Amino acid sequence: MIEVVASMARGPVFLAGELLECLITFTNPMSHLSTSASSEMLAWASAQIHCQFHASENRVALPAQGNKQDVQADSDTVLIPSRGERGQCVLDTPPKILFCDLRLDPGESKTYSYSELVPVDGPPSFRGQAVKYVYKLTIGCQRVNSPIKLLRVPFRVLVLQGMPEPPFPHDEEVSPSNPFLEEEEASRRDATALERALDMLMVTTSRRCPHMFNITNTRGKVAKFCIFKTVYRLGEDIVGTFNFSEGDIPCLQYSVSLQSEEEIQQQYQRRPGQAVSVTGHGRHLESCLHTASSHFSLPIPLNVTPGFSTDIVTLRWRLHFEFVTAREPMEPPTVLQNQSEVTVWAGAEHVDVDTFSWNLPVKVLPTNPALASYVSQFTGTNSINI
């Protein structure tokens, strides 16, 4: 028996275009003091990355795959990383051979390093109501005259889509230069693609420009709403403020929900006019009668998928507002300045109300993969016995 352990060096979350590194250790667990134990042999081992796509048959109508088959698919000597997996393999990298003819004596172990750039043209990791995109690193091992054994290590991929063009020439650096550091310019030239992407992401999501909205219904103005930006990273808090003192219609209650919209492209919809799948990721509810101002703060979870679009599905983000307003003016309680007794004010038992909703689109971008690794459901480590 040989034990195979694969461990990703920097965690299970990566940004598309980043270098994935994995250490793969092959061990003969038999004690070196055992006289009856013999050496173990492996013919070969290789590794590659692949992305598996799965769609709900009730919501997605995929085109027929045809009768084309891989003539070597039934061979036990061919590594097919998606063998036994559900769905379709929509992306894979060329396999890399780790070794050929490995011999391990009792108690001996050998470690091999696998590295590969995460493809930039693939979809992000996503588990929606209609479609799923799952990334895995698959290591194939085989003994002589034995079937291939597969070790899969799932990981998460973040894709940076929809980034605006930088407001400066491409030959300029993203972060400000320091004239007191002579070596800074040279060190920046050696910055990795991940560091450059994170710098650009920080610049894009750090810009603040207050956006003001007048909240109205058919009866008049309810409030003025202010949000400081509409582009966020995973893990950030969305903060907004309400000013009810300028409203003509009394607002009894409001709620704000962070929602994602999963829309199947029209040509792949199972039914014409198919509804968009909406998922909630947090809600703030507050009573605000006779309140001059209020605010909310909604955190964006680190484990959700930023907005993206493929030829099959589009994921968007929005803030969903719901307001409950009174049809008639509500008189506030009056308190006399020299009143010595305690006064208890009770709300009306019956109030005629109107309700209405409003959606505000927001853009959600990735964050530092190391930060997202802390809440990942994957460990970046897996093992198998051959």
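Mentor: Start with a definition: a residue is buried under 20% relative accessible area, exposed over 50%, and partly exposed in between. The model you are looking at is predicted.

Trainee: Why is Asp105 called partly exposed?

Mentor: Asp105 has a relative accessible area of 36%.

Trainee: What makes Asp105 and Arg103 a salt bridge?

Mentor: The N to O distance between their side chains is 3.7 Å. The cut-off is 4 Å between a side-chain nitrogen of Lys or Arg and a carboxyl oxygen of Asp or Glu, so the pair of Asp105 and Arg103 qualifies. Side chains of opposite charge can pair when their charged atoms come close.

Trainee: Is Arg103 classed as buried or exposed?

Mentor: Arg103 has 51% relative accessibility. The exposed class begins over 50%, so Arg103 counts as exposed.

Trainee: How many salt bridges does the structure hold?

Mentor: It holds twelve. One of them joins Arg143 and Glu40, with the closest N and O atoms 2.8 Å apart. Arg143 is in the loop between strand S9 (131–142) and strand S10 (149–158), while Glu40 is in strand S4 (residues 40–55), and the two are 103 residues apart.

Trainee: How do you know which class Glu40 belongs to?

Mentor: The value for Glu40 is 14% relative accessibility. Buried means under 20%, so Glu40 counts as buried.

Trainee: What makes Glu246 and Lys221 a pair that links distant parts of the chain?

Mentor: Their side chains meet in a salt bridge of 3.3 Å, N to O. Glu246 lies in the loop between strand S14 (237–243) and strand S15 (251–264), Lys221 lies in strand S12 (residues 220–227), and 25 residues separate them. Glu246 counts as partly exposed, at 36% relative accessibility.

Trainee: Which residues are linked in a network of salt bridges?

Mentor: Glu261, Glu263, Arg316 and Arg318.

Trainee: Why is Thr204 called buried?

Mentor: Thr204 has a relative accessible area of 7%, and the class takes values under 20%, so Thr204 is buried. Thr204 sits in helix H2 (residues 193–206). A polar atom of its side chain lies 2.9 Å from the backbone oxygen of Met200.

Trainee: What makes Ser309 and Thr314 a polar contact?

Mentor: Their side chains are joined at 3.1 Å, and the cut-off is 3.5 Å between N or O atoms. Ser309 is part of strand S18 (residues 308–309) and, at 38%, is partly exposed. Beyond four places in sequence, Ser309 is in contact with Gln161, Gln265 and Thr314.

Trainee: What is the predictor's confidence in the chain?

Mentor: The mean pLDDT is 85, and 85% of the residues reach 70 or more. Over residues 164–174 the pLDDT is below 50, and this stretch has twelve contacts in the model beyond near neighbours in sequence. Residues 185–190 also have pLDDT below 50, with five such contacts.

Notes:
Residues are numbered from 1 along each chain as its sequence is written. This is a predicted model: local features need pLDDT of at least 70, side-chain atom pairs count only at pLDDT 80 or more; totals for chains, interfaces and linings use all residues. Side-chain values use heavy atoms; hydrogens and water are left out. pLDDT is the predictor's confidence in each residue, from 0 to 100. Contact means heavy atoms within 4.5 Å. Helices (H or I, at least four residues) and strands (E, at least two) are DSSP runs, numbered from the N terminus. Buried means under 20% relative accessible area, exposed over 50%, partly exposed in between (1.4 Å probe, protein chains only). A polar contact is a pair of N or O atoms within 3.5 Å; within protein, one must be able to donate a hydrogen and the other to accept it, and residues adjacent in sequence count only if both atoms are side-chain atoms.
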